[in-house]
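Please examine the sequence and the model shown below before reading on. The briefing then describes selected features by topic.

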Amino acid sequence: MARLKLKEHVINRDWCKGCGICVDFCPKQVLELDSKEKVIAARPEDCICCKLCELRCPDLAIEVLTDRDDKND
Amino acid sequence: MSVKEYIRERYFPHMWCPGCGHGTILNSLLHAVDQLQLDKKDLVMTSGIGCSARISGYVDFHSLHTIHGRALAFATGVKLSKPELKLIVPMGDGDALAIGGNHFIHAARRNIDITAIVMNNRIYGMTGGQFSPLSGAGKKATTAPYSTIDSAFDVVKLATAAGASFVARSTAYHVLETIDILKKAINHKGFSVVEILSQCPTHYGRKNKEGNASQMLKFQKDTTAKIGSKALEKNPLLIPRGIFVDNDVPEYCQAYDEVIERAMKGRKA
Ligand SMILES: Cc1ncc(C[n+]2csc(CCOP(=O)(O)OP(=O)(O)O)c2C)c(N)n1
Ligand code: SF4
């Protein structure tokens with residue numbers, strides 16, 4: 001199966017309420033809240049594209065865009 | 001398709017508090033509907049009153065935001081008149097099992113093809129934190145400052161006893177399980193009940209010192225276990241998650257059509 005490769009974390013700052021659920025449950029500590037209490041992808045290079053942040057977000061404010069990484073086929 | 005295709009973006013950001021589990025349940029439901037590739041023209045959501053019930057405003061399906069406790073009654077009417085549509089009825093624990101308890105058991109008894117989702121945060125969120133029939137004993141609420149003495153319903157056992165032909169439980173923490181269960185519940189022909197434990201950090205969490213949304217989610221993780229798991233075997237006090245009932249029994253609209261056919265004795269209506 002082709003593995004997923006990160007394109008980007010698309011964050012909707014108008015919808016994010018800074019609850020911190022995505023930050024607390026990211027298995028790789030990729031996300032942080034900034035000084036305005038909005039989520040940012042602080043360490044995107046560590047993302048394993050599990051998309052749990054996207055699925056758990058109560059505000060539909062984060063989407064993990066991915067590509068298929070054919071090198072890992 | 002993206003889940004965004006199934007929402008009314010103009011009403012976002014939504015009204016739920018930061019970290020409210022109801023938002024995650026909406027998220028899981030949208031993913032379930034998206035993965036099933038359902039056409040939104042075939043979906044109807046009816047809801048009653050409560051923070052949970054506001055969900056019907058956010059989905060771009062046919063929707064009816066009705067009266068407290070009566071979402072299933074409206075859904076029954078829609079389903080009987082247009083059986084080809086898929087009915088999804090999310091309810092709060094108060095909406096479903098306090099004021100709406102009678103509608104709930106009778107919809108289950110009839111086995112009408114509706115997907116009922118109980119967004120169980122164990123409190124009345126919208127009206128400021130009164131206890132509900134799902135709070136359980138020993139909990140704090142605005143109406144129980146010295147703690148509750150009523151025991152809670154077990155939604156799974158109640159729905160099963162009342163005759164629901166699909167009964168399952170998940171939590172706002174276990175999103176992958178929730179999506180999978182919701183897909184099966186929506187596809188099931190008959191009355192399906194999916195209880196999803198949700199968190200109300202604003203009222204229940206604060207009153208019962210359960211911490212912030214993440215701590216409440218961790219609590220859902222720590223106090224539940226999959227049916228058939230070692231964890232549940234070792235600690236039967238954990239709340240079981242999974243699919244408890246999945247039966248093939250005659251569905252109400254189909255049975256009703258057969259009555260019409262018998263009454264018409266082959267004549268056209
Ligand atoms: C007939 C009627 N009785 C009472 C109310 C007041 N009321 C509004 S929402 C609600 C309870 C909400 O609790 P729940 O259904 O658990 O949903 P939540 O807000 O926690 O999601 C009540 C009692 C009402 N709107 N209508
Ligand atoms: S009051 Fe509770 S249930 Fe209502 S939106 Fe806030 S956290 Fe959610």
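The points that follow treat the sheet, the strand inside it, the cores and the aromatic contacts.

This is a predicted model, in which local features need pLDDT of at least 70, side-chain atom pairs count only at pLDDT 80 or more, and totals for chains, interfaces and linings use all residues. Residues are numbered from 1 along each chain as its sequence is written, chains are lettered from A and ligands numbered from 1 in the order in which they are written, and side-chain values use heavy atoms, with hydrogens and water left out.

**The sheet of chain B**

- Helices (H or I, at least four residues) and strands (E, at least two) are DSSP runs, numbered from the N terminus.
- Strands of a sheet pair through backbone hydrogen bonds, either parallel or antiparallel; here, two strands pair if DSSP finds at least two bridges between them.
- In chain B, 8 strands make up an open sheet with mixed pairing, in the order S2-S1-S3-S4-S8-S7-S10-S9.
- Strands S2 (62-65) and S9 (224-226) of chain B stand at the edges with a single partner strand each, so one side of each has no neighbour in the sheet.
- On average, neighbouring strands of this sheet are turned by 20 degrees against each other, direction ignored; axes are lines fitted to C-alpha atoms, for helices over the stretch in contact, and angles run from 0 to 180 degrees between N-to-C directions.
- Helix H1 (residues 21-35) of chain B lies across strands S1 (43-47), S3 (86-92), S4 (114-120) and S8 (192-197) of chain B, and runs at about 155 degrees to S4(B).

**Strand S7 of chain B**

- S7(B) pairs with S8(B) in the parallel sense over 6 bridges, while 4 bridges join S7 (residues 166-171) of chain B to the antiparallel strand S10 (residues 239-246) of chain B.
- B:Val167 has B:Val193 as its bridge partner in S8(B) and stands opposite B:Val245 in S10(B).
- Buried means under 20% relative accessible area, exposed over 50%, and partly exposed in between (1.4 Å probe, protein chains only).
- Because 6 of the 6 residues of S7(B) are buried, the strand is largely enclosed by the rest of the structure.
- Each face of S7(B) is covered, with B:Phe166, B:Ala168 and B:Ser170 buried on one side and B:Val167, B:Arg169 and B:Thr171 buried on the other.
- B:Glu177, in helix H7 of chain B, is buried at a relative accessible area of 19%.
- Leaving aside neighbours within four places in sequence, B:Glu177 is in contact (heavy atoms within 4.5 Å) with B:Ser170, B:Lys226 and B:Arg241.

**Nonpolar cores**

- A nonpolar core is a set of buried Ala, Val, Leu, Ile, Met, Phe, Trp, Tyr and Cys residues joined through side-chain atoms within 4.5 Å.
- The largest nonpolar core has 51 residues, and B:Leu26, B:Leu29 and B:Ile117 are among those with the most contacts inside it.
- Apart from this core lies another of 30 residues, including B:Val155 and B:Cys253.

**Aromatic contacts**

- Rings of Phe, Tyr and Trp (its six-membered ring) pair if their centres lie within 6.5 Å; planes under 30 degrees apart count as stacked, over 60 as edge-to-face and the rest as tilted.
- By this rule there are 6 aromatic pairs over all chains.
- A:Phe25 and B:Tyr173 form an edge-to-face pair, 5.4 Å centre to centre with 70 degrees between the planes.
- This pair crosses between chains, from helix H1 (residues 21-25) of chain A to the loop between S7 and helix H7 (175-187) of chain B.
- A:Phe25 is buried at 18% relative accessibility, and B:Tyr173 is buried at 12%.
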